[in-house]
Amino acid sequence: MADYGHDLVFGTFLAPQNAKAEVPVALAQLSERAGLDLVTFQDHPYQPAFLDAWTLLSYVAASTERIKISGNVLNLPLRPPVLLARQAASLDLLSGGRFELGLGAGAFWDAIEAMGGPRRSPAGAVASLGEAIDIIRAIWDAGQRGGIFADGKQYRIRGAKRGPEPAHEVSIWLGVLGPRMLRLVGEKADGWLPSLPYLKPGDLERGNAIIDEAAAGAGRDPREIRRLLNIAPDKATVEDLLPFALRNGISAFILASDDPRAIQAWGEEVAPALREAVARERKAARLDFGGERAAGGERAAGEVVRSPKALALRRDGIAYDALPPRLKAAAVEPGDKAYPKVRSTYMRTGAPGLVLRPGTATEVAEALAFARQQRVPLAVRSGGHGISGRSTNDGGIVIDLGRLNSIEVTGTRVRVGPGTSWGHVAESLAPSGLAMSSGDYGDVGVGGLATAGGIGFLVRKFGLTIDHVTAAELALADGRIVRADAGQNPDLFWALRGAGGNFGIVTALELDAYQVSDVVFAQMLYDASDTVALLERWGKLVEAAPQELTSFLYLFAGRAGSPPLAQALTVWADADADAAVKALTPLLSVAPVLEQQARLLPYAAIVAPNDATHYGGQVDPLISNGFAMHLTPELNEGIAAGLRSAATPWIAIRAVGGAVNDVDPQDSAYAHRHQNFNVSSVGGDAARFRGHWDELRRYLDGLYLSFETDQRPQRLHDAFPGRTLTRLRELKAVYDPENVFDQNFPIT
Ligand SMILES: Cc1cc2nc3c(=O)[nH]c(=O)nc-3n(C[C@H](O)[C@H](O)[C@H](O)COP(=O)(O)OP(=O)(O)OC[C@H]3O[C@@H](n4cnc5c(N)ncnc54)[C@H](O)[C@@H]3O)c2cc1C
């Protein structure tokens with residue numbers, strides 16, 4: 001018995017004829033309606049009776065909703081690999097991850113040459129396909145740096161740019177037969193796609209054996225490779241096909257027919273019956289083997305096949321095999337294809353040993369229980385924008401909450417998962433005329449920001465994000481899932497709003513949003529040569545401005561003869577353009593203006609999400625901050641000196657005050673309720689930066705944890721002044737006595 005353990009897939013193989021061009025499209029739609037998983041088309045671009053396969057695939061993708069699409073198989077000689085990779089990725093993106101790449105080495109060479117295509121490759125079909133697969137995968141690997149160079153027998157690529165990355169991991173299935181080709185399947189492909197009518201008895205067994213051996217030789221697990229089969233309608237009954245599934249490990253059957261009734265019966269009768277029969281046999285085989293994996297490789301539900309190469313990258317101290325099955329399916333390890341996308345954060349390149357991606361609050365608690373049993377550090381990640389970079393690690397476990405990303409708006413109440421971003425929250429609130437101030441960047445995650453503060457573009461008018469949190473649900477260190485609000489666990493509710501990362505893993509938050517129509521968003525770029533005067537004028541204007549006005553000022557050190565620059569991003573929190581102009585105009589006089597514009601636009605447009613993946617590659621971050629009542633001459637001199645000294649490339653000054661200071665400092669663990677500005681500075685060289693910041697700190701008071709990388713214990717007294725830290729420590733002893741959450745500014 002050979003069973004590679006894949007879920008069964010049923011598809012159709014339709015003629016792309018153009019005599020009635022609407023027919024193949026209608027048959028593809030019928031395939032979808034009949035419940036089939038896949039629709040495929042042959043690709044013979046030299047054949048005038050056929051529609052062009054790419055055009056047809058794109059059209060079908062747009063005319064269907066669920067079904068996957070593939071060439072069966074695409075003609076490599078006529079489709080240069082860089083272009084093919086971009087087309088495949090584009091169609092995958094446009095179709096919502098529904099494209100798979102069936103690929104062939106080409107046939108009918110006379111016809112290919114007749115249409116001006118290449119001559120039969122002197123390098124040979126195997127080399128061409130092998131090189132093409134490497135190039136295609138490199139193009140899709142958009143997170144890697146640098147262009148692509150290849151000096152193969154067939155393809156010479158000179159610095160092709162990478163990207164786009166497909167929406168999902170597109171499988172490459174090869175429609176090949178010869179032994180060298182089959183070895184290539186084992187070494188590089190995701191699937192083998194032969195056609196039954198062209199096979200001789202024993203070909204499938206022989207083919208599988210070659211593929212399995214080549215896969216093992218390449219450090220792969222043969223179960224990574226799906227075996228597909230094109231079949232004719234006269235061999236499409238359960239009795240015909242069951243042996244192929246059980247003996248030959250075929251897990252995808254693709255029916256070559258353009259008969260609507262045959263397609264309907266295939267989808268509605270044969271496919272479910274065959275699925276059931278295979279499930280029955282697999283179960284029996286499992287029982288025969290006493291619950292152990294069957295010899296042919298029966299795969300347990302949720303089990304991910306990992307190659308020996310990937311297994312060798314596992315880190316010490318993690319009992320990978322003890323992972324509960326529910327978490328296993330979505331977990332990512334070094335060596336997995338998804339690993340580059342989940343290892344790092346916005347600020348920091350990480351190398352965790354395991355990334356768990358729970359999909360429910362219960363799974364979060366399970367992940368936490370598992371992590372607690374391991375001897376490695378634990379990081380908690382929502383959006384991955386933590387400035388301290390502690391939502392990844394080296395060799396530890398990351399609990400990544402990206403799948404908890406729901407947003408539900410009911411009246412003015414919004415319930416959000418920690419894994420979504422504030423840009424998406426703003427988008428969801430906008431249709432109801434609502435908003436929630438978060439920060440200056442839409443990709444920042446909900447979980448990290450809403451447990452720390454939230455100094456955003458509407459902060460002076462509406463206060464911090466945490467000031468609008470009405471409830472949180474979280475998994476505690478001991479595994480309990482609790483709710484914290486003004487009535488239930490009020491002490492925990494107090495602590496979560498400012499020091500949330502210390503007390504548990506937040507799995508949902510409820511916030512009260514507020515009415516905000518369009519806002520006026522002004523951008524002004526100044527020559528900041530006279531930095532001190534600029535700061536004094538800007539600071540005074542901002543302090544005196546109505547609370548509708550919030551301004552963030554970013555100062556950039558001058559470079560190679562050019563003066564320092566300052567950019568003010570200022571939001572007037574309603575659509576009254578006259579009032580906005582009145583309040584904004586004085587800001588044009590704080591320094592020579594190099595560029596300026598102001599626009600009336602929805603708040604959501606200012607923090608639109610980019611959904612960028614964090615591929616890392618950045619150095620360890622160095623950022624410090626503090627608060628100021630006023631921008632005093634001494635502070636301004638210190639800021640100007642920092643920029644001059646090259647200790648820092650930029651300094652940001654964000655207005656706070658306003659509604660932030662209307663809240664009692666005792667109401668939450670965020671106690672900075674009297675200052676008007678937050679000043680943060682980023683560094684390169686550690687020693688030089690420390691000198692600059694130690695000087696500046698003398699004029700500052702307090703600290704916002706979200707803009708800090710200095711993990712020295714004394715910083716906690718700045719972040720949580722006086723009684724706040726004492727109370728937090730008392731609560732930490734109750735809710736996390738063993739200091740499970742010890743990676744990001746532990747308060748113990
Ligand atoms: C480009 C950029 C711009 C920013 N602009 C602003 C701004 O204008 N205003 C502002 O206030 N902040 C701003 N920040 C800072 C931001 O608010 C914090 O870094 C915040 O922690 C990011 O949240 P996250 O979920 O993306 O972070 P993550 O990196 O996922 O998490 C950061 C930390 O928060 C804790 N945490 C995360 N999720 C949870 C959870 N579900 N339960 C409990 N603890 C959790 C963990 O300790 C984790 O290490 C900015 C950051 C960046 C990178």
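The largest cavity is lined by Ala 452, Gly 498, Ala 669, Tyr 670, His 672, Leu 703, Tyr 704, Leu 705, Ala 719 and Phe 720. The model is predicted. By class, eight of these lining residues are nonpolar and two are polar. None is charged. The volume of the largest cavity is about 60 Å³. The structure holds one cavity of 30 Å³ or more. Rolling a probe the size of a water molecule over the atoms shows where such empty space is left.

The ligand is surrounded by 32 residues. Ser 382, Gly 386, Ser 391, Asp 440 and Tyr 704 are the closest. Tyr 704 also belongs to the lining of the largest cavity. By class, the shell around the ligand has 15 polar, 13 nonpolar and four charged residues.

Several elements contribute to this shell. At least two shell residues come from each of strand 13 (378-381), helix 15 (446-449) and strand 20 (505-512). Helix 15 supplies the largest share, three residues.

At Gly 386, a backbone N or O atom lies 2.7 Å from a ligand oxygen atom. At His 385, a backbone N or O atom lies 2.9 Å from an oxygen atom of the ligand. Val 506 places a polar backbone atom 2.9 Å from a nitrogen atom of the ligand. On its own, the ligand has 950 Å² of accessible area, and the protein covers 94% of that area.

Conventions. Residues numbered from 1 in each chain as written. Predicted model: local features only at pLDDT ≥ 70, side-chain atom pairs only at ≥ 80, totals over all residues. Heavy atoms only, no water. 1 Å grid on protein atoms, 1.4 Å probe; cavity = no way out; pocket = protein on both sides within 12 Å on 5 of 7 lines; lining within 4 Å. Points joined across faces, edges and corners; volume = space filled by probe spheres on them. Nonpolar A, V, L, I, M, F, W, Y, C, P; charged D, E, K, R; others polar. Near = heavy atom within 4 Å. Polar contact = N/O pair within 3.5 Å; in protein donor to acceptor, adjacent residues only side chain to side chain. Areas by Shrake-Rupley, 256 points an atom, 1.4 Å probe, with all protein chains shown as cover. Helix = DSSP H or I, 4+ residues; strand = E, 2+ residues; numbered from the N terminus.
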